[in-house]
Each structure stands twice: as structure tokens, then as C-alpha cells.
Amino acid sequence: MKYRALGRTGWNVSEVSFGAWAIGGAWGHVSNEEAMGALHQAIDCGVNFIDTADVYGDGRSERLIARLKRERKDEIIVATKAGRRLPKQTIEGYSKQNLTKWIDDSLRNLEAETIDLLQLHCPPTELYSRPEVFGMLDDFVKAGKLRFYGVSVEKIEEAMKAIEYPNVQSVQIIFNCFRQRPAEMFFPNAIKKKVGILARVPLASGMLTGKLRRDSKFAADDHRNFNRHGESFDVGETFSGVDFETGLAAAEEIRALIRSGEHGTPSLTQFALRWILMFDAVTCAIPGGKRPAQVEENCAAADLPALTPEAMRAIRGIYDKKIRALVHDRW
Ligand SMILES: NC(=O)c1ccc[n+]([C@@H]2O[C@H](COP(=O)([O-])OP(=O)(O)OC[C@H]3O[C@@H](n4cnc5c(N)ncnc54)[C@H](OP(=O)(O)O)[C@@H]3O)[C@@H](O)[C@H]2O)c1
């Protein structure tokens, strides 16, 4: 594993970290044993940073992480999120009273006195023009309930606004071979402001593992079944907002670029994760993992040699030809 500085926090976090949505819910059934196995594997591989949210399995993901922290002596930094408990996203919903309740619930679930990093969980765009909300987060830091805070965004314009607030330490954004636009304008700005970037949905919900087929079936309670067209939340969170068959074809084109090297032949999953790590602005990728073997494979991407300039150009070409029109101006 390799480590990178996360913004101005003083933390060095694993380049491949762990996304804990799937062990909470909305990805089909994952038993407690499988979830704990995946989490322990991550720590065994050198992961020291876990991303979760209060709503993942209604606190289940946070509670499993609390259990992990009880079972391990290693330093584990936990980033959680707040805001998605609102029945409807409104600016008024981000009140002191609601934030206090969400933070206190997360502290209880995480069995912690302070949240390491709290991220606003994809609030409405207009919220970024409300300094009073960021002022409240500053107050929670002063009160010792939060160590740091950041945001998780859908759109680049939100990310650009968020980093104008001096105490925003991190931006979580979808960034993968199918979502390349953040690298254009946002990354140089984030570097300038020393803001950490968490690359979420790094495998395009599994599409960039190359294992999915036209007839792949997903459980009824898996968002790849129930949110394919954005029925429950932003469609960009499911397969990165890329049409299923187009994504499958593009993933196969990327697979064709893989060459074996002195450390063997990387899998498509590892190649796709290593692509993300080619960008210095990125602090870490946070692939979701349900089973130890997936986590082990994902973490090994950090040790792969750099992709060649030809491979980088070719992946850009595939994006421009097949994917760009579907996503580029949308998020
Ligand atoms: N709004 C937000 O803030 C937001 C939204 C989305 C995600 N996130 C965060 O970002 C994290 C990552 O995104 P994500 O989980 O949505 O998508 P992802 O990381 O692109 O895909 C994760 C899924 O791919 C499959 N997978 C992972 N590693 C694999 C491997 N080595 N081989 C084969 N399959 C593998 C697993 O599902 P199967 O085995 O079932 O295929 C896994 O659940 C989340 O866990 C969460 O922490 C945040």
C-alpha cells in the first residue's frame, strides 16, 4: 500500500481505501461475517481510511466499522456523511438542530467521541451559497464533535464552490475511466487550495471490473436493479450514469489495453483503479468491497507500476468516443 496526504488534515491515507456503502445496504444481501471479513482484509492490506454514511443500512455500516475498531489496534480514520436522512432535500433541512441529531447518531453508531471527517452528503447545489451552514460545521469542530469536515458532491460546479470555504478539507466526487471531467478544471483548483479528493464509484458500480454481462442479474434491493434510471437517487451513482450496454462495450475496450509486466498481468479492476491513481490531485480511490478477495484485489492496484502515456491516451480516446456525450456536461 502507498499513502497520500489528505488535504491539510495532516493525515496520510491509503491510496486505495475502502468504501463501506455495500456492507451497509442497497447492494443485495451481505452478511455481517462477509462484511467484517472485507473490513479486516482492508486493514490487513494497509488501508487506514474508510468512507461510510449514516444512511448506509440505516447505521449498519457505521456500526460494523465501530466493531472493526474494537477488534483492531491499527489507526483507522473514518469519514462519514450527513444529510440524506432528510425525506426531501431542502436547504432548510440543513439546520443546526438536524445536523446535531445526525452527528450525535453517527457518534453513537461509531462509538466515538469525535467524527474524524464529516461530509455533507450531496446536498442541493444552492447550499454551497449558504455560508451559514459551513459556519455551523465550524462550530461543531470547535465543540469537538468533528475533527474535520468536507463535502460529497454530484457536480463539478458544486465542488468548485465548496472549496471556496476555507475549512473544507475534502471533496468526494465520482471519478473513474467513465467520469473524467473532474480532472480538467477542478483538480488543478483543488491542488492549489490543498483540498483532498476522494474518488468514489471508482469501478463504475462494478462495470469496470469487466465481470458484468448483458444478462447480469441484480437482487431486488441492489441499486443496480432499482436505480438504473435514477428512480431513487441521482442516476450518476449507478454505473456512473452510463447506459449499461455502452459501459460494457467500453470496459471491454479498456481491457484490451492491458499488457502484462514484470509483476504479472493486472486485472481490469486493478487497471481501472491504477488509472485513477495516475492523477496526483486524487488522495485516494474508495472502491466498495463485499468480500475479502475483492478487497485484496483492489488494494493490490496501489502497487502496480504507472500506466503508460499510450494507455492513458487510449483510455481518454475511449471516453471521448463512447462515454463523453452521455456524462461530460451533465455532472
Ligand atoms: N453520494 C455519495 O457520497 C456516494 C455515492 C456512491 C458511493 N459513495 C462511496 O463510494 C464508495 C465506492 O463506490 P460504490 O461502492 O458505489 O461503487 P464501486 O466502488 O465502483 O463498486 C463497488 C462494487 O463493485 C463490486 N466489486 C468491488 N471490487 C470488486 C472486485 N475486485 N471484483 C469484482 N467486483 C468488485 C462489488 O459489488 P458486487 O460484488 O455486487 O458486484 C462492490 O460493491 C461507496 O462504497 C461509498 O463509500 C458515496
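This is a predicted model: local features need pLDDT of at least 70, side-chain atom pairs count only at pLDDT 80 or more; totals for chains, interfaces and linings use all residues.
1. Basis. Local features need pLDDT of at least 70, side-chain atom pairs count only at pLDDT 80 or more, and totals for chains, interfaces and linings use all residues. Residues are numbered from 1 along each chain as its sequence is written, and side-chain values use heavy atoms, without hydrogens and water.

2. Gln41. This residue lies in helix H1 (residues 32–44). Helices here are DSSP runs of H or I, at least four residues, numbered from the N terminus. Gln41 is buried, at a relative accessible area of 17%; buried means under 20% with a 1.4 Å probe, protein chains only. Gln41 touches Pro292, Val295 and Glu296, leaving aside residues up to four places away in sequence. Contact means heavy atoms within 4.5 Å.

3. H2 and H3. The axes of helix H2 (residues 60–71) and helix H3 (residues 96–110) come within 7 Å and cross at roughly 40°. Axes are lines fitted to C-alpha atoms over the stretch in contact, and angles run from 0 to 180 degrees between N-to-C directions. H2 and H3 are therefore oblique to each other: angles under 35 degrees count as roughly parallel, over 145 as roughly antiparallel, 65 to 115 as roughly perpendicular and the rest as oblique. H2 brings Glu62, Arg63, Ile65 and Ala66 to the contact, and H3 brings Ser106, Asn109 and Leu110.

4. Pockets. A pocket is an open set of points on a 1 Å grid over the protein atoms alone, where a 1.4 Å probe fits, with protein on both sides within 12 Å along at least five of seven lines; lining residues have an atom within 4 Å of a point. The largest pocket is lined by 48 residues, with Trp21, Trp27, Tyr56, Val201 and Glu237 nearest its centre. Helix H10 (residues 292–299) gives the most to this lining, three residues.

Technical notes
Helices (H or I, at least four residues) and strands (E, at least two) are DSSP runs, numbered from the N terminus. Buried means under 20% relative accessible area, exposed over 50%, partly exposed in between (1.4 Å probe, protein chains only).
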